[in-house]
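Hi,

Here is the structure I promised to pass on to you. Please open it first, and then read my notes below alongside it.

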Amino acid sequence: MASRPERTMLAPGLEISRIVTGLWQVADIERKSGLIDPDHGAEALSAYAAAGFDTFDMADHYGSAEVLTGRLLERIRAGSLPDTKPRAFTKWCPAPGGMSADIVREGIRTSLDRMQTDRIDLMQFHWWMYEHPGYLDALIEMAKLREEGLFRHIGLTNFNADHLHMLCAHGLPIVANQVSFSLIDRRAAGDLSRVAMRHGVRLLAYGTLGGGFLSERWLGRPEPAHGDIPDWSKSKYKRFINEIGGWPALQAILAAASAIARKHHVSIPNVATRWVLEQPAVAAVIVGARLGENEHRADNLRVFDFALDAEDHARLDAAFAQTRNPPGDCGDEYRKPPFLTASGDLSHHLEGFPKIYAAEPVPFRSDGLRVSTGSLWEPIAGYSRAMRVGNQITISGTTATHGAGLPVAPGCAAAQTTYILDKIAASLSAAGARLEDVVRTRIYLTNADEWEGVSRVHGHYFGHIRPANTLLEVSRLIGEGYRVEIEADAITGTRDPA
């Protein structure tokens with residue numbers, strides 16, 4: 001059996017274990033039993049690092065995980081724990097809003113202080129709603145803080161393929177994207193993996209064991225009742241199981257994994273982990289640790305003693321054929337129904353965030369509203385981003401202009417389309433409408449050869465709606481760097497199809 005986990009170079013100067021120790025369950029433990037003693041937590045982390053599991057993943061909201069890691073680093077410096085050279089990843093998950101330089105610095109500084117370090121190895125960023133473009137400001141500021149040395153590298157968490165491509169096309173130094181990836185959630189194997197490999201971004205896969213459902217314990221067992229699911233993690237992944245086809249779908253996967261496990265003399269969790277590790281875009285999997293409770297380090301090492309062959313993949317593919325993918329793209333479970341999260345429906349959480357735009361009455365129409373974005377040109381040229389009259393909303397031609405005039409991803413029409421459609425969605429929201437209310441879009445391209453990338457992004461937003469659409473090539477758009485402009489019409493409310 002392997003004595004230590006395999007290692008990989010996540011980014012220049014950052015070598016990590018291919019099994020990262022996830023600390024999200026710290027929050028669940030502390031919810032039930034109170035805060036973990038920092039010294040006991042540090043000693044538990046030290047034991048993981050000594051066994052080669054020296055890469056730790058946490059977030060600003062994983063209970064006291066950052067504090068425990070800080071105590072580990074403090075005791076290493078003091079010489080009371082061996083210097084196992086731990087790698088520390090954390091996440092900053094701010095509420096949407098304005099992202100000034102001071103706000104970003106303060107958010108990063110909070111994690112640095114808790115972790116008692118001058119530099120974090122990987123600072124990962126999560127954003128709740130793409131319609132609010134503050135994430136671009138935040139990442140631009142984070143790139144500056146990286147140059148100052150506050151962290152080695154920038155990662156994302158739960159960003160989908162279109163937005164990962166947009167940020168990379170804009171030139172931001174993204175090295176990793178952490179997403180759900182498992183035998184029961186294979187969405188990341190598609191567009192996201194292709195985009196990641198194109199831009200040299202590595203995937204960090206969590207949920208690899210489906211909250212523990214991908215194990216012998218559940219093979220051939222009856223479906224648990226809701227009240228019998230003991231922790232947040234299992235509650236979350238039970239929702240995924242329901243979406244892929246329910247308990248029979250899980251049992252088909254478990255049966256295939258069990259046959260492969262017997263063949264290689266390993267466990268079902270080993271097979272589930274190995275399958276994800278063999279995906280070409282994946283740098284590492286994140287396996288949760290319940291500090292001071294169950295530890296599976298010896299079993300996890302067996303992942304590196306075998307490889308899946310063609311027969312194994314065929315067996316798994318046959319099981320996959322009996323399931324369906326969870327809806328949407330990676331990360332959608334946090335942003336739109338169905339909310340496949342530990343706490344369930346997040347609509348109340350998202351509705352509490354501020355809208356980026358606001359509607360105001362039109363002075364000369366009792367049934368009119370208009371939406372402005374604060375653009376310098378709106379009052380000069382005499383137009384609004386959106387106009388609502390009755391139940392009809394018209395969106396002006398929209399380009400990928402950020403803030404005071406910064407063109408987003410100036411060399412890529414597909415990347416600009418992502419930003420534009422988010423801006424259109426935000427404008428519709430301010431006017432009391434949704435993307436589902438859109439009945440027509442018009443797309444103007446400066447180079448018709450870029451039609452396919454633009455159309456695919458359009459399809460990701462409107463594939464389930466399928467409004468009328470026209471795509472035109474034009475000689476140029478006003479302003480430097482703009483490759484595409486889009487306008488939209490929407491009608492709210494229901495009508496009798498007759």
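**Salt bridges**

Arg-75 is buried, with a relative accessible area of 15%, where buried means under 20%, exposed over 50% and partly exposed in between (1.4 Å probe, protein chains only). Before going further, please note that this is a predicted model, in which local features need pLDDT of at least 70, side-chain atom pairs count only at pLDDT 80 or more, and totals for chains, interfaces and linings use all residues. Residues are numbered from 1 along each chain as its sequence is written, and side-chain values use heavy atoms, with hydrogens and water left out.

Back to Arg-75: its side chain makes a salt bridge with Glu-43, with 2.9 Å between the closest N and O atoms. A salt bridge here is a side-chain nitrogen of Lys or Arg within 4 Å of a carboxyl oxygen of Asp or Glu. Arg-75 belongs to helix H3 (residues 65-78) and Glu-43 to helix H2 (residues 38-50), so this pair ties together parts that are 32 residues apart in sequence. Helices (H or I, at least four residues) and strands (E, at least two) are DSSP runs, numbered from the N terminus. Glu-43 is partly exposed, at 36% relative accessible area.

How many salt bridges does the structure hold? There are 30. Another one joins Asp-489 and Arg-442, at 3.2 Å from N to O. That pair links distant parts of the chain, with Asp-489 in strand S19 (residues 484-491) and Arg-442 in strand S17 (residues 438-445), 47 residues apart. Shared partners also join Asp-39, Glu-43, Arg-71, Glu-74 and Arg-75 into one network of salt bridges.

**Aromatic rings**

A pair of aromatic rings is described by the distance of the centres and the angle of the planes. Rings of Phe, Tyr and Trp (its six-membered ring) pair if their centres lie within 6.5 Å; planes under 30 degrees apart count as stacked, over 60 as edge-to-face and the rest as tilted. By this rule the structure has 15 aromatic pairs. Tyr-130 is buried at 7% relative accessible area, and Tyr-135 is buried at 0%. The Trp-218 and Trp-247 rings are also edge-to-face, because their centres are 5.9 Å apart and their planes stand at 85°. Both Trp-218 and Trp-247 are buried.

Ring pairs also build a cluster from Trp-92, Phe-125, Trp-127, Tyr-130, Tyr-135 and Phe-159. Arg-335 lies over the face of Phe-159, 5.8 Å from the ring centre. For a charge to sit over a ring, NZ of Lys or CZ of Arg must be within 6 Å of the ring centre and within 35 degrees of the ring normal. The charged end of Arg-186 sits over the ring of Phe-320 in this way, 3.9 Å from its centre.

**Cysteines**

How many disulfides does the structure hold? It holds zero, a disulfide being a pair of cysteine sulfur atoms within 2.5 Å. For Cys-93, the nearest cysteine sulfur is that of Cys-330, 17 Å away. Cys-93 is buried, with 17% relative accessibility. The Cys-168 sulfur is 11 Å from the closest cysteine sulfur, in Cys-412, which is too far for a bond. Cys-168 is buried as well, at 14% relative accessibility.

Enjoy exploring!
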